[in-house]
Amino acid sequence: MAATRELGISRFLNDRVAKIPASGIRRFFDMISGMEGVISLGVGEPDFATPEPLREAAIASIHAGRTAYTSNYGLFELRESLAEHLARLYDVRYDPRSEILITVGVSEALDITCRAVLGPGDEMIVPDPSYVAYVPAVVLADAVPVLVPTSVETQFAPTAAEIERHITPRTKALLLGYPNNPTGAVVPREELERIAVVAQRHDLLVIADEIYDRLTYGVEHTSFASLPGMRERTVLLGGFSKDYAMTGWRVGYACAPAELLEAMMKVHQYVIMCAPTAGQAAALEALHGGEPYVQAMHAEYDRRRRTIVDGLNAIGLPTFEPRGAFYAFPDIRPTGLSSEEFVEALLKEEKVVTVPGDAFGPSGAGYVRLCYANSMENIEAALERIGRFVRRRTA
Ligand SMILES: Cc1ncc(COP(=O)(O)O)c(C=O)c1O
């Protein structure tokens with residue numbers, strides 16, 4: 001009895017859950033609660049509210065009494081519109097009846113993909129640094145994440161050669177999250193083509209998280225499934241959170257050949273039932289009338305991107321040019337601080353929230369992530385504060 005009490009309730013925890021750490025991002029948000037005058041470039045979400053017509057569409061759907069579950073797959077009109085949208089933008093074709101599943105964000109789509117595909121001992125290749133949920137999703141599916149380091153030398157894009165070096169007989173899948181969180185990297189089309197050859201050669205499934213597909217700057221997004229032969233071995237994940245400023249609505253999607261999608265659907269069906277109905281109405285409107293808003297937000301992010309990248313370089317923190325998403329990833333080693341020390345000291349001394357690069361994997365050490373989905377005024381003020389902070393450290 002005493003022994004049981006000492007072990008506490010955690011004795012009931014499953015090993016895999018006990019093993020994964022809480023997100024390295026959250027800790028810093030807890031530190032700022034109650035602090036005045038903080039500028040947060042921490043959280044990775046648009047500062048824009050969801051465009052008005054999208055909100056109106058959800059309200060109209062609620063007023064019309066559409067408050068029940070939708071099909072497990074999601075509203076058929078939404079799947080149909082999505083199929084047209086993806087065909088128009090990327091020339092990838094999915095059957096809305098059997099190859100598209102509307103999910104609770106890419107978060108759920110990623111989880112059900114991993115659970116449908118991975119098993120004990122299977123390895124999944126994950127370029128490093130990458131979005132914080134990738135490694136836990138693999139671990140929770142009882143599989144093994146194999147990190148492929150990327151660095152500023154290749155603009156944080158993984159190369160086919162590096163990926164191939166990490167393939168073993170247990171490798172089942174490759175997870176590509178580009179445009180990338182946290183680096184803003186995109187993978188050049190020619191490199192994606194070489195990666196496709198590797199995927200084919202080693203018979204890998206490719207999970208392509210393309211949630212930032214509409215947020216690229218000066219380069220066109222290539223959807224991995226559109227490369228020759230890749231549709232049949234790709235799960236395309238996408239969503240509305242970032243492109244349409246809809247993080248709180250919780251709507252995303254997964255597209256895959258029918259047999260695989262059906263397996264993912266089983267997990268989704270028992271755990272989720274369906275994505276939120278009003279959120280799906282907003283998403284449908286996003287595909288019909290969202291384009292001008294996407295373009296306006298994109299133009300604004302691009303302006304901020306140039307300001308923050310130039311500003312950080314001028315301060316003496318070398319920052320490569322991010323070509324996608326809404327993050328800058330400066331090298332903070334000139335300050336002599338570790339990522340964590342930098343983030344903590346900057347927060348305490350100058351009240352600017354950033355995220356340590358190594359919260360996204362070991363290759364992020366020596367860097368920090370700044371989200372520039374924030375007002376120009378805040379970005380300029382943050383740059384001034386960071387400049388002051390860096391001058392003190394390097395004087
Ligand atoms: C690369 C990436 N994938 C997925 C997600 C999760 O997005 P969702 O809101 O669609 O669950 C995020 C959110 O930050 C992200 O950056």
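I located P179 in the loop between β5 (171-176) and α9; helices (H or I, at least four residues) and strands (E, at least two) are DSSP runs numbered from the N terminus. I found a cis peptide bond joining Y178 and P179, with omega about -5°.

I worked on a predicted model, in which local features need pLDDT of at least 70 and side-chain atom pairs count only at pLDDT 80 or more. Residues are numbered from 1 along each chain, and side-chain values use heavy atoms.

I noted that the peptide bond from D128 to P129 is also cis, with omega near 0°. P129 lies in the loop between β3 (123-128) and α7 (134-140).

I then looked up the largest nonpolar core, which has 66 residues. Such a core is a set of buried Ala, Val, Leu, Ile, Met, Phe, Trp, Tyr and Cys residues joined through side-chain atoms within 4.5 Å, where buried means under 20% relative accessible area with a 1.4 Å probe, protein chains only. Domain 1 (2-49 + 292-394) and domain 2 (67-290) both give residues to this core, so it lies between them; the bounds come from an automatic or database domain assignment. I386 is among the residues with the most contacts inside the core. Leaving aside residues up to four places away in sequence, I386 touches L312, I315, L317, L346, V352 and L370, contact meaning heavy atoms within 4.5 Å.

D142 sits in the loop between α7 and β4 (144-149).

Notes
Buried means under 20% relative accessible area, exposed over 50%, partly exposed in between (1.4 Å probe, protein chains only).
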